[in-house]
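Biologist: I would like a close look at one part of this model, the aromatic rings. Please take me through it.

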Amino acid sequence: VDKDTKKPIACRMHLSRADGRPKKIKGVPNWDDHFVFPGQITLKLPKGGYKFELERGPEYVTRSGHFMIEHFADDAKEVDLQRFVDMAAYGWYSGDLHARRAPRDIELLMLAEDLHVVPVAIWWNDKVLLGGTIPGEKKQDEETLVHFDGNRFYSLAAGGFTWPGGEILCFNLPQPLQKMFLRSKSEREFPSPLGLFQKAHVDTEELDGTETQGGSPVWIDITRPYWWDVPMLVAMGQIDSIQIAHGNICRGKTINNEQGGKSRNKTLYPGVRGNAQWSEDIYFNLLECGIRIPPSAGSGSGISPNPLGYNRMYVHVEGPFGYEKWWQAFAAGRVTITNGPLLRPSVYGKLPGHVFYYQQGTTPDFEIGLTLSTRKPISYIEIIKNGQLAKSIPFDEYRKAHGLPKLRFDNSGWFLVRAVTDLPETYRFAMTAPYYVQIGEQPRISRRAVQFFIDWTYERAGQIRKIEDPVERSSVMQAHRQARDFWQALLSKANAD
């Protein structure tokens with residue numbers, strides 16, 4: 001029950017035998033080591049000892065305990081869950097961009113995880129998933145955008161596409177585009193999927209008057225920053241957001257490899273956190289190139305062991321909440337990502353994504369306001385400036401100082417805030433989207449960062465040269481030549497090391 005209202009609420013349960021083996025429960029949605037239920041459940045269990053954890057997203061305190069089942073046992077227990085922060089009350093609405101769960105379960109899953117926006121992937125490449133309906137063949141009473149429980153939305157106009165160069169998620173696609181993706185396969189480099197992505201980004205007027213879902217923009221999210229074709233897709237303007245909190249970062253572990261993508265240097269990015277920190281640094285390099293793309297988060301629940309919403313994002317919406325407004329605010333960069341701590345940043349009343357403009361020769365100082373809520377201890381809070389760690393403040397010092405130190409800029413740049421917990425088995429963190437500082441006419445463009453993507457583009461081209469058919473090879477290579485030209489032109493505009 002909710003501790004304040006005393007009413008039953010949906011939640012997630014991790015139930016295991018005394019030896020640690022997870023227990024599956026019939027009649028409710030199960031995944032990996034957990035299940036969700038609508039506030040009340042009868043457990044019919046073999047005798048023995050059990051332990052449990054109950055959670056309802058990161059805004060509620062976790063409850064844990066244990067019990068014993070013996071012969072003829074018949075007992076009832078009431079457990080209360082206490083909300084310690086209501087992010088929506090402050091205009092921050094949660095979402096998970098990578099859901100691979102059955103549509104029939106999604107309302108209960110969203111209630112149990114306290115989520116507000118979830119696009120559910122119901123197709124992947126040329127296959128329909130999890131009881132989804134092929135676009136254009138849906139039942140007459142089946143909606144593709146469902147609004148329930150006052151302020152929660154899930155969308156069935158979503159799917160994913162994998163090819164040798166990467167993996168993307170597509171949201172709010174009109175039916176003609178969904179059908180186009182479903183006719184495409186991914187086994188080979190040829191044909192390049194770039195044409196599909198470009199069609200997804202054309203004006204809806206060119207699609208025979210077909211409107212996007214709920215008036216929201218067609219959106220392409222790339223599921224990992226290290227996929228091989230990221231430099232090409234960025235250069236071609238085909239990425240709307242990049243998952244930094246992604247399915248490799250899990251509740252009790254990390255999937256610590258870059259399979260299918262550009263591998264990290266494990267000396268520079270060692271250990272359990274290496275994959276996550278490599279992902280962050282690639283994103284920071286994009287920001288260092290003057291490219292402003294918001295970060296996103298996705299649990300990957302359904303293929304990753306994560307619960308839905310474990311990796312999530314919070315988007316700030318002004319005034320009454322709505323699905324279209326959520327995407328518009330996301331596009332503006334008013335977002336934080338997390339799998340634990342909850343951040344509400346403000347810099348002189350401005351939210352992440354804001355660009356501060358100054359005349360040349362100005363040296364502005366920034367005072368970062370931060371409200372932080374967490375149910376697990378935070379080790380330190382960091383300020384990242386221009387891709388480098390500018391300040392690292394132990395949490396105890398931050399609490400005593402009642403704030404963060406000021407940050408000064410002599411030239412154009414960007415900054416963000418990151419909070420990190422000290423868990424040995426996984427990477428639990430929160431991060432704001434960047435704030436941008438532009439002094440004079442040009443944003444910061446780092447030579448080193450641009451060269452990083454030039455080298456990456458050439459490395460990817462070396463893979464494509466292995467395509468045997470010369471016509472196919474030339475067709476796939478064309479976009480990468482354009483990407484090379486884009487990055488080299490950007491290098492000529494660089495104004496920082």
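Biologist: Which residues do ring pairs link into a cluster?

Modeller: Tyr93, Phe153, Phe171, Trp219, Phe321, Tyr323, Trp326, Trp327 and Phe330 are linked that way. The model is predicted, so local features need pLDDT of at least 70 and side-chain atom pairs pLDDT 80 or more, while totals for chains, interfaces and linings use all residues. Numbering starts from 1 along each chain as its sequence is written, and side-chain values use heavy atoms, without hydrogens or water.

Rings of Phe, Tyr and Trp (its six-membered ring) pair if their centres lie within 6.5 Å; planes under 30 degrees apart are stacked, over 60 edge-to-face, the rest tilted. The whole structure has 40 aromatic pairs. One of them joins tyrosine 358 and phenylalanine 366, edge-to-face, at 6.1 Å centre to centre and 80° between the planes. Tyrosine 358 is partly exposed at 25% relative accessible area, while phenylalanine 366 is buried at 0%. Buried means under 20%, exposed over 50%, partly exposed in between (1.4 Å probe, protein chains only).

Phenylalanine 415 and tyrosine 435 are stacked, 5.2 Å centre to centre with 10° between the planes. This pair links distant parts of the chain, 20 residues apart: phenylalanine 415 is in strand β26 (residues 413-421), tyrosine 435 in strand β28 (residues 435-439). Strands are DSSP runs (E, at least two residues), numbered from the N terminus. Phenylalanine 415 is buried at 0%, and tyrosine 435 is buried at 1%.

Charges also meet rings. Arginine 100 lies over the face of tryptophan 124, 3.9 Å from the ring centre. Lysine 262 has its charged end over the ring of tryptophan 456, 5.7 Å from the centre. The test is NZ of Lys or CZ of Arg within 6 Å of the ring centre and within 35 degrees of the ring normal.

Definitions and conventions. Helix = DSSP H or I, 4+ residues; strand = E, 2+ residues; numbered from the N terminus.
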